[in-house]
Amino acid sequence: MLQNPLQIRLERLEPWQQITFMTCLCERMYPNYAMFCENTEFAESRVYRDILDSIWEILTVKTAKVNFERQLEKLEELFPSAEEFDMYAVYPAMDACEGLSTLLHGLLDREHLFENMLKLSQQSVKTVADLEEAQGAEPITNENQKDNEAVCAEWDVQWAIFRPLREAIERDIELIKDLRQELRDEPISNIGIAL
């Protein structure tokens, strides 16, 4: 598990900030899934998008109601299998589904929200590290991660999401909308896939 001082600071976030942080990470992983679906016709990436949009909605609309168990059931149908596809793109797509699943499980069991947030943060970094290793980089460890530009860039983006959330004193709907819009205006995934 790659470590970063960010992980210690994440614990100080309020639940709405933790959910927003996790949703941002899933938003960044979405292009990996969408590209995989587009190239394989495995599933409709729109369903992933709809689940993600429902989470953005509960963050920004006070009266929004979402059945997270139902969303999890829908997501289970979207998981690709590495045994069915002989292409690397299946792995980041699986990671994107795993990330969204982690977020939904955190929403269903708020007692474990922080652990799920750490897991999702790690998953996003691991997706980057796995691609780097698949492209010939030496195995990435805590000791050498600072030498890998892509892994450092992923941590930098996570810090960039964390900082404005940390500064918010109370639930800030405009901040949440701004983060979502910024990620959608430049829909580039954690491994550089652009929509």
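Start by selecting helix 3 (residues 45-60) and helix 4 (residues 68-76), which pack at about 160° with their axes 10 Å apart. (Helices are DSSP runs of H or I with at least four residues, numbered from the N terminus; axes are lines fitted to C-alpha atoms over the stretch in contact, and angles run from 0 to 180 degrees between N-to-C directions.) That angle makes helix 3 roughly antiparallel to helix 4, a label for angles over 145 degrees, while those under 35 count as roughly parallel. Their crossing is left-handed, meaning that the near helix is turned anticlockwise from the far one by less than a right angle.

Now show the side chains. Val47, Tyr48, Ile51, Ser54 and Ile58 of helix 3 touch Phe68, Gln71, Lys74 and Leu75 of helix 4, where contact means heavy atoms within 4.5 Å.

A quick word on what you're looking at: this is a predicted model, where local features need pLDDT of at least 70 and side-chain atom pairs count only at pLDDT 80 or more, while totals for chains, interfaces and linings use all residues. Residues are numbered from 1 along each chain as its sequence is written, and side-chain values use heavy atoms, with hydrogens and water left out.

Next, pick helix 2 and helix 5 (residues 90-108), packed at about 150° with axes 8 Å apart. These two are therefore roughly antiparallel as well, and helix 2 passes helix 5 in a left-handed crossing. On the helix 2 side, look for residues including Ile19, Met29 and Phe36; in helix 5, find Val90, Leu100 and Leu107 among the partners.

Select Trp16, Thr20, Cys24, Glu27 and Arg28 of helix 2, then Leu175, Ile176, Leu179, Leu183 and Arg184 of helix 8, to see the contact.

Last stop: the largest pocket, with a volume of about 260 Å³. (On a 1 Å grid over the protein atoms alone, a pocket is an open set of points where a 1.4 Å probe fits, with protein on both sides within 12 Å along at least five of seven lines; lining residues have an atom within 4 Å of a point. Volume is the space filled by probe spheres set on the points, which are joined across faces, edges and corners.) Of its 14 lining residues, Arg28, Val157, Glu182, Leu183 and Glu186 are closest to the centre. Helix 2 gives the most to this lining, with four residues.

Note on methods:
Parallel < 35°, antiparallel > 145°, perpendicular 65-115°, else oblique.
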